[in-house]
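Q: Hi! I'm new to this one, could you walk me through it?
A: Happy to, ask away.

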Amino acid sequence: ESSIALRDQWHGKGRLRYAFAPRFVPSCTEELLRQTVAAARGSGCLIHSHASENVDEIALVKHLTGMRNVEYLDSVGMTGPDVVLAHCIHLDGAEMDILARSKTAIAHCPGSNFKLGSGIAPIPELIARDAIVTLGADGAPCNNRMDMFAEMRLAALMQKPRLGPKALPAEVVLDMATLEGARVLGTGGGDIQPGNTADIIALEPDCAHSWGGGHPAGAVVYASTPSNIRHVWVEGDPVVVDGSIPCWNWEETVEGCRGALRRLEERARR
């Protein structure tokens, strides 16, 4: 009921979009998953969950359902163009085929996967099957650094020891972070074309850590960091100007976070 209330309060209000996010199969009943899918599809919301992140999870889902993780999600209707599954590391060929055929989006989270030692997702194999792959960061406790530039670099590098230096080119990774992400979220942006949403980032290439030129995609994926960002427009509105965010009070945000942390610590001591 609380999820329905949040959906009704926020979905479609301005730029806000709501997504239903059952955590993962072991913490959800089949009835809950089916009801979540119905509620989301009845209101045009995305469905997000975590899937096949570690081998213990795979074994537990097999024990509970008799099926592998993605196979089970598909059986309850939780695959399709409106579904985004984080991780998808431990997949067999049949599961990769299910994700590709159903156009289910995979949110690849390399920083989290490295930190938790979860494994290396078969991203080149999924892309070869024409699966939809985007980039994510997972939650802060599983990553600490919510940095899309770091995720791009890690995504491009982590496949190379396994499949060679050309395993996941910078151009593909840049598309994962921009074009594919925009398509999955339905923002109407992701590339600069007439009629598209004017979601644009302007980067300064000549920083000390990124100077040197080369292919633009390689420069962005391998050398750039958030400090390269000079300007950001969202639907044509400037939200970052000359490297600063004019509508954001940093000190107020930090103090709010400290207050929230104090309240959490007090609750933990009770």
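Q: Let's start with Asn228: is it buried or exposed?
A: This is a predicted model, and in it Asn228 counts as buried because its relative accessibility is 0%.

Q: Where is Asn228 found?
A: Asn228 sits in the loop between helix H11 (216-223) and strand S7 (229-234).

Q: And what does the side chain of Asn228 make a polar contact with?
A: With the side chain of His209, at 2.7 Å.

Q: Which residues does Asn228 touch, not counting those up to four places away in sequence?
A: His209 again, along with Ala202, Leu203, Glu204, Pro205, Cys207 and Ser210.

Q: You mentioned strand S7. Where does Val232 belong?
A: Val232 is part of strand S7. It is buried, with a relative accessible area of 14%.

Q: What is Val232 in contact with, leaving aside neighbours within four places in sequence?
A: Val232 contacts Ile200 and Ile201, and also Asp237, Pro238, Val239 and Val240. As for Leu203, its C-alpha atom is 9.0 Å from that of Val232, and the two residues are 29 apart along the chain.

Q: New topic! How many aromatic pairs does a search of the whole structure find?
A: The search finds 2. Tyr18 and Phe20 are both buried.

Q: Why is the pair of Trp248 and Trp250 edge-to-face?
A: Their planes are at 90°, so the pair counts as edge-to-face, and the ring centres are 5.3 Å apart. Trp248 counts as partly exposed because its relative accessibility is 40%.

Q: What lies over the face of Phe24?
A: That would be Arg23, at 4.6 Å from the ring centre.

Q: Now the backbone. What is phi of Ser52?
A: Phi of Ser52 is near 55°, a positive value in a residue other than glycine. For background, most residues other than glycine have a negative phi.

Q: Where does Ser52 lie, and is it buried or exposed?
A: Ser52 lies in the loop between strand S2 (46-51) and helix H3 (55-65). It is buried, with a relative accessible area of 0%.

Q: And what about phi of His87?
A: His87 has a positive phi too, about 85°, although it is not a glycine. Its place is in strand S3 (residues 83-87), and His87 counts as buried at 0% relative accessibility.

Q: Thanks, that helps a lot!
A: You're welcome!

Notes
Residues numbered from 1 in each chain as written. Predicted model: local features only at pLDDT ≥ 70, side-chain atom pairs only at ≥ 80, totals over all residues. Heavy atoms only, no water. Helix = DSSP H or I, 4+ residues; strand = E, 2+ residues; numbered from the N terminus. Buried < 20%, exposed > 50% of the residue type's maximum accessible area, 1.4 Å probe, protein only. Polar contact = N/O pair within 3.5 Å; in protein donor to acceptor, adjacent residues only side chain to side chain. Contact = heavy atoms within 4.5 Å. Phe/Tyr/Trp six-rings, centres within 6.5 Å; stacked < 30°, edge-to-face > 60°. Lys NZ or Arg CZ within 6 Å of the ring centre and 35° of its normal.
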